[in-house]
Amino acid sequence: MDPHHRIIRLWLYSVALLIFAMVLVGGATRLTESGLSIVEWKPVTGTVPPLSESAWQAEFDKYKTIPQFQQRNSAMTLDEFKTIFWWEWTHRLMGRVIGAAFLLPFLFFLARGRIGSLRGRLWGIFALGALQGAVGWWMVASGLTQRTEVSQYRLATHLMLALIIFASIVWTLRRMSARPQPVVPGRLKVSAVAVLALTFVQLYFGALVAGLRAGRVYNTWPEIDGAFIPSAARLWFEEPWWRNLFDNTLTVQFEHRMTAYALLILAVLHAIDAMRSRAGTAVIGGAWSLVAAIILQAALGILTLLHQVPIDLALAHQATAIVVLTLAVLQTERLVARRAASDRQKLVLPLGQPG
């Protein structure tokens, strides 16, 4: 592999790992109910935390003005506030670090002519990252005036955008590889795309579960609300009916469960088809690795539910979800149409060659 090609890959791997870590810190921020502890958006000066007791008290006084403190945390002490503040501050700081870790090397590689045809793709990823910062504040702002928590719609948007950025980087890394495309039936490609699409749907439902704290109720399995399939009257009591898909804790948890079952079945069928099609070691191994990750993810989800969402199990569940997404992206990219080898070499240009 060309050394400049290797450098680009290491850079993108590093950014992907940082995003992975940030998603987990974001999950911890949500689980510890820390996300509203900083009530202002200061992209530059907010990098510096309170450095004196008076500065801490000023931040605490700002927090006291929002409904979350007034209605739920009115007995909170300054020391307790510091704990939730550090979670949110760390989450925001990681966002800034990721932005710098992506943009600064990108501009350097661009100036040195090393980017090649990745230029447009990487600018697009950076644009999504910049949008993510704005979406993060849009999410926080939803919990500062009338609500005691952020909107589950905005929380889900924030998480999904982070995962789209992560998946885009993983896809780009896979596209940079020189492995030949396997010859497989078209239906195998379709099923891989379907698994990836359903994975994103499941991740979205999981974000709604987190936003509604729906994992803290109906803590039984395989039954939910006393049955494998709850009564229609309880699933669809809100009007209009579609609001139940996003606002009804029973319906949201139920759809999250059913999507998990569907995802596992689809992944198993994809793996069996890969074997029957003799699609090659990489494709078959990738398919069964995906099945194994989904099974582990489901098991962790069940344990998280039964134990009413302890932070360690919840974060393990979230981390495994990102692993499932990674494997689904790799499997899909492995099977879809790829560039010719000569074109792949043009993705990253040698030092000094104009891109």
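## Loops, helices and aromatic rings in a predicted model

Let's start in a loop: Asp-225 sits between H7 and H8. The model is predicted, so please read every value below as computed from its atoms. The phi angle of Asp-225 is near 60 degrees, a positive value in a residue that is not glycine. Is Asp-225 buried, exposed or partly exposed? Its relative accessible area is 28%, so Asp-225 is partly exposed.

That loop between H7 and helix H8 (232–235) also contains Pro-222. The peptide bond that joins Trp-221 to Pro-222 is cis, and its omega is about 5 degrees. A cis bond also runs from Glu-239 to Pro-240, where omega is near -5 degrees. Pro-240 belongs to the loop between H8 and helix H9 (244–247).

Glu-33 is another residue other than glycine with a positive phi, here near 55 degrees. You will find Glu-33 in the loop between H1 and helix H2 (53–63). With a relative accessible area of 24%, Glu-33 is partly exposed.

### How H7 meets H12

Now for the helices. Two packed helices are described by the angle between their axes and the distance between those axes. Helix H7 covers residues 186–212 and helix H12 covers residues 311–335; they pack at an angle of about 155 degrees, and their axes are 9 Å apart. Why does H7 count as roughly antiparallel to H12? Angles over 145 degrees fall in that class, and the H7–H12 angle therefore makes the two helices roughly antiparallel. The crossing of H7 and H12 is left-handed.

Which residues make the contact? From H7 come Leu-188, Lys-189, Ala-192, Val-193, Leu-196, Thr-199, Phe-200 and Leu-203, and they meet Ala-321, Val-324, Leu-325, Ala-328, Val-329, Thr-332 and Leu-335 of H12. Sorted by class, this contact has 12 nonpolar residues, two polar ones and one charged one.

### Aromatic rings

How many aromatic pairs does the structure hold? There are 25. A pair of rings is described by the distance of the centres and the angle of the planes.

| Aromatic pair | Centre to centre | Angle between planes | Arrangement |
|---|---|---|---|
| Trp-11 and Phe-102 | 5.2 Å | 40 degrees | tilted |
| Phe-102 and Phe-106 | 5.9 Å | 45 degrees | tilted |

Phe-102 has 5% relative accessibility, so Phe-102 counts as buried. Phe-106 has 0%, and it therefore counts as buried as well.

Finally, one aromatic cluster is formed by Trp-56, Phe-60, Tyr-63, Phe-69, Phe-81, Phe-85, Trp-86 and Trp-89.

Definitions and conventions. Residues are numbered from 1 along each chain as its sequence is written. This is a predicted model: local features need pLDDT of at least 70, side-chain atom pairs count only at pLDDT 80 or more; totals for chains, interfaces and linings use all residues. Side-chain values use heavy atoms; hydrogens and water are left out. Axes are lines fitted to C-alpha atoms, for helices over the stretch in contact, and angles run from 0 to 180 degrees between N-to-C directions. Helices (H or I, at least four residues) and strands (E, at least two) are DSSP runs, numbered from the N terminus. Angles under 35 degrees count as roughly parallel, over 145 as roughly antiparallel, 65 to 115 as roughly perpendicular and the rest as oblique. A crossing is left-handed if the near helix is turned anticlockwise from the far one by less than a right angle, and right-handed if clockwise. Contact means heavy atoms within 4.5 Å. Ala, Val, Leu, Ile, Met, Phe, Trp, Tyr, Cys and Pro count as nonpolar, Asp, Glu, Lys and Arg as charged, and the others, Gly among them, as polar. Rings of Phe, Tyr and Trp (its six-membered ring) pair if their centres lie within 6.5 Å; planes under 30 degrees apart count as stacked, over 60 as edge-to-face and the rest as tilted. Buried means under 20% relative accessible area, exposed over 50%, partly exposed in between (1.4 Å probe, protein chains only).
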